[in-house]
Amino acid sequence: MKTGIPQPPIDTGKPHPARVYDALLGGKDNYPVDQAVAEHLPAEARTGAFQQRAFMNRATAWLAGEGVDQFLDIGTGIPTAPSLHQIAQEIVPASRVVYCDNDPIVLRHAEALLVSRPEGATDYVHADVRAPGTIIEAARRTLDFGRPVALSLLGLLHFLPDDEDPYGIVRTLTATLAPGSWVALSQGASDVNPERGEQGTDEYGKGGIRLALRTRAEFARFFEGLEVVEPGVVTAPRWFRGTVAPEPEESGMYVAVARVP
């Protein structure tokens, strides 16, 4: 994959959510400022990062198994194996995947690590979710929006406070999708362990990152007009399809998958 995008400079003096997430997962592509935030977050933040990653794996595999062969992943983060396209193309080799993130370090890794199978395609869009129209326009290079697309925003919504119109952003993106498309979202919870949630919000805030945790009901609003599939809006470890139910596990991360009618 060749992005053809000029390489913007990386600000190593300011933490970025993608790099903090990488640090939580034990990755190496982060800086001391990112590690400092990760180290002071409650232990539940690290657990939630792994739970969310596992949800992405399960949801992508299920969607590919349902015949989905186009994916738009916004808020990609630093590539971690297996990447979304690897999961999808293992099931549907001709799958076409577009990744999007606004962290320059993700762009640096995209050309080397987000490489498609010959039968399919991958592309990378360096853009901010707050400009959904820009993302869709660039994604059209690879995806056919006249056919179903699986849109995912994982680990992203809780970095969009209400004054940045997250509900409007999601509506703009889903309005572009053809009937039969899918939407997979995750959201840090404010009503599972409020004390830990406040601690996480404070620690991110010290790094200049605004965290917007939400209740289950507030998260469910993102799916208005969509058809949420079973098991519904649940915590990440409780989302599974066609597999043996996992052991109950505490989680402060809500997830759901919905179909565009």
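On a 1 Å grid over the protein atoms alone, a cavity is a set of points where a 1.4 Å probe fits but cannot get out, and its lining residues have an atom within 4 Å of a point. This is a predicted model: local features need pLDDT of at least 70, side-chain atom pairs count only at pLDDT 80 or more, and totals for chains, interfaces and linings use all residues. Residues are numbered from 1 along each chain as its sequence is written, and side-chain values use heavy atoms, with hydrogens and water left out.

**Exercise 1. Describe the largest cavity and its lining.**

Step 1. Start with the volume, the space filled by probe spheres set on grid points joined across faces, edges and corners. The largest cavity holds about 60 Å³.

Step 2. List the lining. The residues are Met56, Ala59, Thr60, Leu63, Phe71, Leu84, Ala150, Leu151, Ser152, Leu154 and Ala184.

Step 3. Sort by class. Ala, Val, Leu, Ile, Met, Phe, Trp, Tyr, Cys and Pro count as nonpolar, Asp, Glu, Lys and Arg as charged, and the others, Gly among them, as polar. The lining has nine nonpolar, two polar and no charged residues.

Step 4. Find the elements. Helices (H or I, at least four residues) and strands (E, at least two) are DSSP runs, numbered from the N terminus. Helix α3 (43-65) and strand β4 each supply at least two lining residues. The largest share, four residues, comes from α3.

**Exercise 2. Describe the second largest cavity.**

Step 1. About 40 Å³ of space lies in it.

Step 2. Its lining is Ala18, Tyr21, Asp22, Leu25, Arg53, Thr76, Gly77, Ile78 and Thr80. By class, that is four nonpolar, three polar and two charged residues.

Step 3. Helix α1 (residues 17-24) gives the most, with three residues.

Notes: On a 1 Å grid over the protein atoms alone, a cavity is a set of points where a 1.4 Å probe fits but cannot get out, and a pocket is an open set with protein on both sides within 12 Å along at least five of seven lines; lining residues have an atom within 4 Å of a point.
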